[in-house]
Amino acid sequence: MNHDSTPPALPDGLVAIVKRDCPTCELVAPVLGAISAAVPLRVYSQDDPTFPHEVADVIDDTALSMSWHHDIETVPTLLRISEGIETGRIVGWSRRQWQDFCGLDDLGPDLPEMRPGCGSLSVDPTYADALAVRFTGSRMQSRRIELAQLEDEIEAGFDRGWSDGLPVVPPTEARVLRMLDGTSRSPGDVVAIIPPNLNEATVEQVAINAVMAGCKPEYLPVVLTAVEAACSSAFNMHGLLATTYFSGPVIVVNGAITGRIGMNSGGNALGQGNRANLTIGRALQLVVRNLGGGRPGEVDMSALGSPGKLAFCFAERETDSPFGPLASDGGVADGADALTLFAGQGPTPIIDQLSRTPESLVRSFAAVLRSVGHPKLAHGFDALLIVCPEHGRILREAGWDKDRLRSELSDLLMMDTDPLVRGVDGIDEGLPSRLAGKRLPKFRDGGLLIAHAGGDAGMFSAVLTGWVGGHMGSDPVTAVIEPWR
Amino acid sequence: MMVPRRTSMTATTSPGLATGSNLIVLDPTAGKVAESVERAPRLTSLDGKVVGLLDISKPRGDKFLDRLEERLTERGASVLRFAKPTFTKPAPVDLRHEIATSCDAVIEALAD
C-alpha cells in the first residue's frame with residue numbers, strides 16, 4: 001500500500017469537518033453557509049465533496065488524511081487555525097458555543113439549542129487499520145511480500161519456511177503496526193544481534209515475529225527483553241541452539257506485568273492454554289529461527305529436541321510464595337517487572353504426597369535433583385527447581401525461606417564420588433577416575449535455581465533440568481522488562 | 001491518537017481507501033543471503049605440510065586427535081594442536097587467526 005505520512009496543512013481562519021451521513025451535520029449545513037458568508041471558513045467533507053451545498057469550494061477529505069492527522073473524532077468539528085496552528089476546537093452543535101467561537105450572533109435561529117455530533121469516519125473501526133497503515137506504515141522498513149491471489153495465507157507461512165511447525169499469523173502491515181503500539185521504542189532500534197547468523201534484529205523485526213507467534217501488543221516488552229537477554233554472551237543462545245542436547249530458552253517472568261498481560265503462574269503454568277505464556281516463548285524461538293537463521297537440522301543439531309523448544313515461558317507464583325522472586329536472585333529489586341532466562345527442558349516430576357515437614361520434603365527434592373542429567377554425573381549441568389504451592393506451604397509454615405532451602409539442599413547434594421566413577425555399577429558413563437575418593441556438589445555454585453509456581457492442589461513439584469552451566473555453556477540471565485513507555 | 005482495533009485484515013470500502021486485493025505481509029527474516037566463501041585449495045600432498053588439529057573440548061576428542069596425529073606424522077606432515085575453550089561456543093577469533101596463519105590445513109574433531 002502507498003504510505004502518506006505527511007500531515008496536510010490547515011488554512012488559517014475557521015475550519016469545519018463534516019460528513020453527509022450525519023444528521024447533525026445536515027442540521028448545521030445552513031449555519032455553515034451563514035458563517036462562510038461572514039468570516040473565512042473552509043469546510044472538509046469526509047464522505048461527499050458536494051456536501052454541504054451551502055458552502056462554496058468544499059474540500060474533499062474522503063481519503064480522511066486531514067481528519068486522521070488532526071485527530072478528528074466527532075463531526076461536525078469546528079477548528080480555529082492561526083498561522084497553521086490549531087488554537088481552538090468545538091464538537092457537535094451548540095448555538096451558544098458556535099456563536100462565541102465564530103464571533104457571530106443569531107446562528108441557526110430555527111435549530112435546537114444543542115445536538116451532539118456523530119463519530120468521525122477517521123476513527124470508524126472499519127477503516128482504522130487501513131488508515132493507520134496508510135498514514136504510519138512508512139515507519140516500517142521491512143520488505144513487503146505480496147501473496148498471490150490463489151495462495152492460502154497460512155500455507156504461505158509454511159511454504160516460505162517461516163513456521164516452527166505450527167501455523168503462523170500472517171504479519172500484515174496493520175497487525176505489525178498494532179504490535180508496535182506495545183512499545184515506545186522506535187521500530188528501527190536494534191534489539192540484539194541474533195545467532196547463529198549474527199543478524200541485527202530491530203524492534204520492528206521482532207514485532208513481526210511476535211505477530212506470527214500470536215502475541216498481543218502488550219506482550220511485546222516481554223518479548224523484546226527476552227530476545228535481548230537470550231542474545232547476551234552470558235546466556236549463549238548460539239551454543240544452546242547448536243547443541244545436540246535437549247535444551248532451549250526457558251523464560252520465567254516476575255512482577256505485576258504478569259497479571260496485567262494475563263500470564264499463568266498457577267495450574268498448568270508449564271502447559272497449554274495460556275496465550276501469553278505460549279506466544280511469548282514462541283516469539284523468542286521464531287526470532288532465533290527467522291532472524292538468526294537457527295533451524296533444526298541445520299545449526300540446531302539437537303538429537304531429540306524437546307517440546308519446550310516451541311515455547312517455554314511461565315510466570316512465577318509470587319502471591320503465596322515462601323520465597324522472594326526468582327528475579328531477585330538475579331540482582332533485580334523485589335517487585336520489579338523482570339524475566340529470567342534459563343537454558344533447560346522438562347519438567348521432571350518430584351512426587352511427594354507424604355512429607356509434612358521440610359526436613360523430609362527437602363530429601364525428596366534432593367533425591368530427584370541428584371539424577372539431573374545422569375545420577376553419576378556432577379557439577380556440569382544446572383537445574384531449576386519449581387516448588388509447587390502445596391510443597392511451598394510446608395516450607396512457609398515451617399519458616400523456611402529460599403536461603404534455608406538452598407543451604408539444606410547444598411548439604412544433601414554433596415556426593416561421594418567413588419560410586420559415580422566410570423564403570424561402577426556396570427555403567428560406563430560417570431565421573432573420570434581421577435575424581436575418585438572425593439566429595440563433589442551435584443551443582444556448581446549458582447547452578448541451582450529455585451522458583452514457585454503451580455496450581456493450588458497437587459503435591460507435585462518439578463525440576464527443569466538444565467544445560468551445561470556457567471562460562472562453559474550458559475549462565476541464567478535476569479533482565480528488567482522496560483516499561484512500554 | 002488512539003486507533004481502534006479490529007481483527008479483520010483489510011478495509012477497502014471507503015471511497016478513498018481502495019487498495020490492491022492481494023495480501024501484503026512483512027518479511028520476518030533478516031532478508032540476507034548467506035555469503036558463499038570459496039574453499040582454500042585442497043592439499044595435493046601432506047609431505048612437509050603443517051596440519052592443525054582443533055579439539056573442540058568434547059570428552060575423548062583428544063583420543064581421536066592423538067590417533068590422527070600419529071597417522072599424519074607417519075605421512076610426513078607436522079602437526080600443531082589447538083583447543084577451543086568450550087565446545088558450546090564458536091572458536092575465539094584469535095584462535096581462528098592463529099590456525100589460519102600457522103597451518104596449511106586444519107581438522108576439527110567432533111568426538112564424544
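1. Please bear in mind that the model is predicted.

2. Of the 112 residues in chain B, 12% are buried. Among the contacts in chain B with a separation of 6 or more, 73% join residues 24 or more positions apart.

3. Chain B contains an open sheet of three strands in the order 3-2-4, with parallel pairing. Strand 3 (78-83) and strand 4 (105-109) of chain B are the edge strands, each pairing on one side only. From one strand to the next, the twist averages 25°.

4. Strand 2 (residues 50-55) of chain B pairs with strand 4 of chain B in the parallel sense, over five bridges. One bridge joins B:Val51 to B:Ala105 in strand 4 of chain B. Helix 1 (residues 61-74) of chain B packs on the sheet and touches strand 2, strand 3 and strand 4 of chain B. The direction of helix 1 makes about 170° with that of strand 2 of chain B.

5. In chain A, helix 7 (residues 203-213) packs against helix 11 (residues 275-290) at an angle of about 125°, their axes being 8 Å apart. The two helices of chain A are therefore oblique to each other, and their crossing is right-handed.

6. The contact involves A:Val206, A:Asn209, A:Ala210, A:Met212 and A:Ala213 from helix 7 of chain A. Helix 11 of chain A contributes A:Thr279, A:Arg282, A:Ala283, A:Leu286, A:Val287 and A:Asn290. The residues of this contact comprise seven nonpolar, three polar and one charged.

Definitions and conventions. Residues are numbered from 1 along each chain as its sequence is written. Chains are lettered from A and ligands numbered from 1 in the order in which they are written. This is a predicted model: local features need pLDDT of at least 70, side-chain atom pairs count only at pLDDT 80 or more; totals for chains, interfaces and linings use all residues. A residue is buried if 20 or more other C-beta atoms lie within 10 Å of its own, exposed if 12 or fewer, and partly exposed in between; C-beta atoms are placed from the backbone. Two residues are in contact if their C-beta atoms, placed from the backbone, lie within 7 Å. Axes are lines fitted to C-alpha atoms, for helices over the stretch in contact, and angles run from 0 to 180 degrees between N-to-C directions. Helices (H or I, at least four residues) and strands (E, at least two) are DSSP runs, numbered from the N terminus. Angles under 35 degrees count as roughly parallel, over 145 as roughly antiparallel, 65 to 115 as roughly perpendicular and the rest as oblique. A crossing is left-handed if the near helix is turned anticlockwise from the far one by less than a right angle, and right-handed if clockwise. Ala, Val, Leu, Ile, Met, Phe, Trp, Tyr, Cys and Pro count as nonpolar, Asp, Glu, Lys and Arg as charged, and the others, Gly among them, as polar. Two strands pair if DSSP finds at least two bridges between them.
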